[in-house]
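These are notes for a colleague going through the model. They are set out as numbered points, each on one part of the fold.

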Amino acid sequence: VLSSQQRFTVASRIAATCMFCGKPTIFTGTPIATQNGEQIAVSKLDGVEAASTTKQWEVPEAHIREALGTGLFSSRGADLMGFAHQTYAEFLASQYLRLHNVPARKILALLRHSGDFESHIVPQLYETAAWVASQDEEVFSAIARDEPHVLLRCDQGALSAEQRAEIVDS
């Protein structure tokens, strides 16, 4: 049985995988069953190292399934699970990046469309980008400079007066 912090960490890993791979549903059935391109098999999440503030551990499928059994997730049909609300996935994906101390340049590479000449943030990741930017000054500045409209999705009360001014100036 996982602690609440461990379930949070496993859920954030699931969220990061779902958000950054564009796979909103988790397939929980047997590996032989047919899956479509918008699903990730729970077995693909098995064995992933997960970080917490105190330690790292190997995440077996049982831990993934335990996290999927929390109120953060809901059924999407036979053998399918997904986040109960999109904002859970967006927030938890941003927390995953924070828990793993991912550098700003790598975060921006994850958020931006690789095939776009101007490297715009992928629209489906706007909310995740806003969560990350509210916690990382370097990411905030890069997004404020290039795509300030994304930052309008941030919790404005959590932003400093200087950050709000930077958004308006951009």
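1. Helix H7 spans residues 137–146, and its buried residues are Val139, Phe140, Ala142, Ile143 and Ala144. The cover over these buried residues includes helix H5 (104–111), H6 and helix H8 (161–169). This is a predicted model. At the start of H7, the backbone nitrogen of Glu138 has a side-chain oxygen of Asp136 within 3.0 Å.

2. Gln163 belongs to helix H8, one of the elements that cover the buried residues of H7. Is Gln163 buried or exposed? Gln163 has 10% relative accessibility and therefore counts as buried, the cut-off being under 20%. Its side chain reaches the backbone nitrogen of Ser160 at 3.0 Å. Not counting residues up to four places away in sequence, Gln163 touches Glu137, Phe140 and Ala158. Of these, Phe140 is itself among the buried residues of H7.

3. Thr128 lies in helix H6, which runs over residues 126–133. The relative accessible area of Thr128 is 0%, so this residue is buried. Which residues is Thr128 in contact with, leaving aside its neighbours within four places in sequence? They are Met19, Phe20, Glu90, Ala93, Ser94 and Leu111.

4. Strand E6 pairs with two strands. Strand E1 (residues 25–27) is joined to E6 by 3 bridges, and the two run antiparallel; here Thr25 stands opposite Gly82. Strand E5 (residues 73–77) is also antiparallel to E6, with 4 bridges joining them. In that pairing, Ser75 stands opposite Met81. E5 and E6 make a hairpin with 2 residues between them, and Asp79 in the turn has a positive phi of about 60°.

5. The largest pocket has a volume of about 240 Å³. Its lining consists of Cys18, Met19, Gly22, Lys23, Pro24, Arg76, Gly82, Phe83, Gln86, Ala89, Gln124 and Leu125. Which elements each supply at least two residues of this lining? They are helix H1 (4–21), strand E6 (80–83) and helix H4 (86–99). Sorted by class, the lining has 6 nonpolar, 4 polar and 2 charged residues.

Technical notes: Residues numbered from 1 in each chain as written. Predicted model: local features only at pLDDT ≥ 70, side-chain atom pairs only at ≥ 80, totals over all residues. Heavy atoms only, no water. 1 Å grid on protein atoms, 1.4 Å probe; cavity = no way out; pocket = protein on both sides within 12 Å on 5 of 7 lines; lining within 4 Å. Points joined across faces, edges and corners; volume = space filled by probe spheres on them. Nonpolar A, V, L, I, M, F, W, Y, C, P; charged D, E, K, R; others polar. Pairing = 2+ DSSP bridges. Buried < 20%, exposed > 50% of the residue type's maximum accessible area, 1.4 Å probe, protein only. Contact = heavy atoms within 4.5 Å. Polar contact = N/O pair within 3.5 Å; in protein donor to acceptor, adjacent residues only side chain to side chain.
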